[in-house]
Amino acid sequence: MLIAVRPIETQWLRDRVELGPRPFYLVSGILSGVQGAGPAWEWRQKLYQKFIDCSGEPKRSVRSVAHRGAPLMFPEETEAGLRAAYRMGAGVLECDAVLTNDRQFVCRHGVCDLHYTTDILSRPDLAAKCTAPFSPRGGATPAAAVCCSTDFSLEEFKQLCATMEMEMNTNATSLATFLKVPAGHSEVYAGGRCFPTLSHKEFVSLVNLELFEARMTPELKVWDYQPLLGLMPEEAADLLAEDYADVPETRVFPQSFDPKHVERWLSLDKPFPDAVLLVRSGFEVGSPISKAQVAILDDLQALRPHALSIVAMPFQTLLEIPANVTGGEVAQTPLVATRAANFMKDRGLRIWAWTLERSGPLPTGTFFSSVPGFMQQDSDVMVFLHALFQVAGVEAVFSDWPATVSLYAACIPVAT
């Protein structure tokens, strides 16, 4: 039988910031792999020296945003992951919000991700209710399953245990070989224990009453709830806001890719002035900035009395290799801000960036696709993070292991 993890309630243990060995491991290799001359070497050397000279105690920082908790090693969107992120100094904690079929928000990254982020497929009574229960590979038909939050009530959802976000094996001929932990992530804390799934109300209560030094950033996932639940986007935004009735709006950064959600939060009778617009398409490196996206920004920044002030963007839209630098010169060259990053700053918008510690062992990862050849080793994560803050001018960074950003925030001054 799986036993639910119970948190340690001692305030001293809960509120102290502990970074663990990983961020210091990343710092230790900053000078590796780069020739001892030139601007890139000097830049890295100055960064390394700032960490060496750092003597302050790590503190909680709003620059450090816990992306779904601490999913590098803990099941995402769980109380255990959020508590781990809080201990690592995260000043902002995230819950991705999706609805059940009885209109209750729960913390899941996607409406239809239960089959690879929970143990639902091992629970036949619930798995039978999935949009598409597991089917093994048969001939040219790949193995597949689709289980959505909207397939279940909150009571049913709460019966599940969260797992690490798994990769699906489309060649699987049985359920036993269908899911596996992706490279770069670990089950060191997840094996053999039940990590209860979390409702959005539980998330709000946990952070508001216990992890009270942190702020909250719920992401309302974009989904068409109209056919099943009869909710328009603005109504879904209202429903999410209701869960924060007893929370000061200054502690909440609601976020969404849907401008309708963001506009609603900025315009409520009890508005959320720090609502965050997530942007991705229309700001790719090497392409003109989308006129449609500019029009959306124009509309949201024209709102009164509360206008849009924060955008959140993926790394690959914020930093790039300088023009005319190729081949072996890439690793020897400091990164530069993209046109999109400068565009946002020129508009007076604050930039949050996503997502650190998510790409697995380097050199890999779509989040670094705008700097091909630059990310050669794990320690380049810290160099890239330095460029995000000092070159692209970001205000905060989402991370799957918040200790990395928390150490940076404790040691390196940031102008924004």
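How many of the seven residues of strand β16 (residues 350-356) are buried? In this predicted model, the number is six, so strand β16 is largely enclosed by the rest of the structure. The description below begins with the neighbours of this strand and then turns to the disulfides and the helix contacts.

Strand β16 is paired with strand β13 (residues 310-314) through five bridges, and the two strands run parallel. Within this pairing, W352 of β16 is found opposite A312. Strand β16 is also joined to strand β17 (residues 396-399), here by three bridges and again in a parallel arrangement. A353 has V397 of β17 as its bridge partner. Strand β16 is thus bridged to β13 and to β17, and six of its seven residues fall under the 20% relative accessible area that marks a residue as buried.

Five disulfides were found in a search of the whole structure. When the bonded cysteines of the protein chain are numbered in sequence order, they pair as 1-10, 2-3, 4-7, 5-6 and 8-9. Three of these links are described here in turn.

The link of C112 and C148 is right-handed, with 100° about the S-S bond. C112 is placed in the loop between β3 and α5 (114-117), and C148 in the loop between β5 (144-146) and α7 (154-157), so this pair ties together parts of the chain that are 36 residues apart in sequence. C148, in contrast, has a relative accessibility of 4% and counts as buried.

C161 and C194 form another disulfide, in which the sulfur atoms are 2.0 Å apart. The torsion about the S-S bond is about -95° in this case, so the link of C161 and C194 is left-handed. This pair also connects distant parts of the chain, with C161 in strand β6 (residues 161-162) and C194 in the loop between β8 (179-180) and β9 (195-196), 33 residues apart. C161 counts as buried because its relative accessibility is 5%. For C194 the value is 10%, so this cysteine counts as buried as well.

The contacts between helices were then examined. Two packed helices are described by the angle between their axes and the distance between the axes. The axes of helix α10 (residues 233-242) and helix α11 (residues 259-267) come within 8 Å of each other and cross at roughly 50°. Helices α10 and α11 are therefore oblique to each other, and their crossing is right-handed. From α10, the contact involves P233, E234, A237, D238 and L240, which meet K260, H261, R264 and W265 of α11.

The contributing residues are V381, M382, L385, H386, F389 and Q390 of α14, together with T404, V405, L407 and Y408 of α15.

Helix α15 (residues 403-411) has seven buried residues out of nine, so this helix is largely enclosed by the rest of the structure. The buried positions in α15 are A403, T404, V405, S406, L407, Y408 and C411. Among them, T404, V405, L407 and Y408 also take part in the contact with α14. In an α-helix, residues three or four places apart point the same way, because there are 3.6 residues a turn.

Definitions and conventions: Residues are numbered from 1 along each chain as its sequence is written. This is a predicted model: local features need pLDDT of at least 70, side-chain atom pairs count only at pLDDT 80 or more; totals for chains, interfaces and linings use all residues. Side-chain values use heavy atoms; hydrogens and water are left out. Buried means under 20% relative accessible area, exposed over 50%, partly exposed in between (1.4 Å probe, protein chains only). Helices (H or I, at least four residues) and strands (E, at least two) are DSSP runs, numbered from the N terminus. Two strands pair if DSSP finds at least two bridges between them. A disulfide is a pair of cysteine sulfur atoms within 2.5 Å. Axes are lines fitted to C-alpha atoms, for helices over the stretch in contact, and angles run from 0 to 180 degrees between N-to-C directions. Angles under 35 degrees count as roughly parallel, over 145 as roughly antiparallel, 65 to 115 as roughly perpendicular and the rest as oblique. A crossing is left-handed if the near helix is turned anticlockwise from the far one by less than a right angle, and right-handed if clockwise. Contact means heavy atoms within 4.5 Å.
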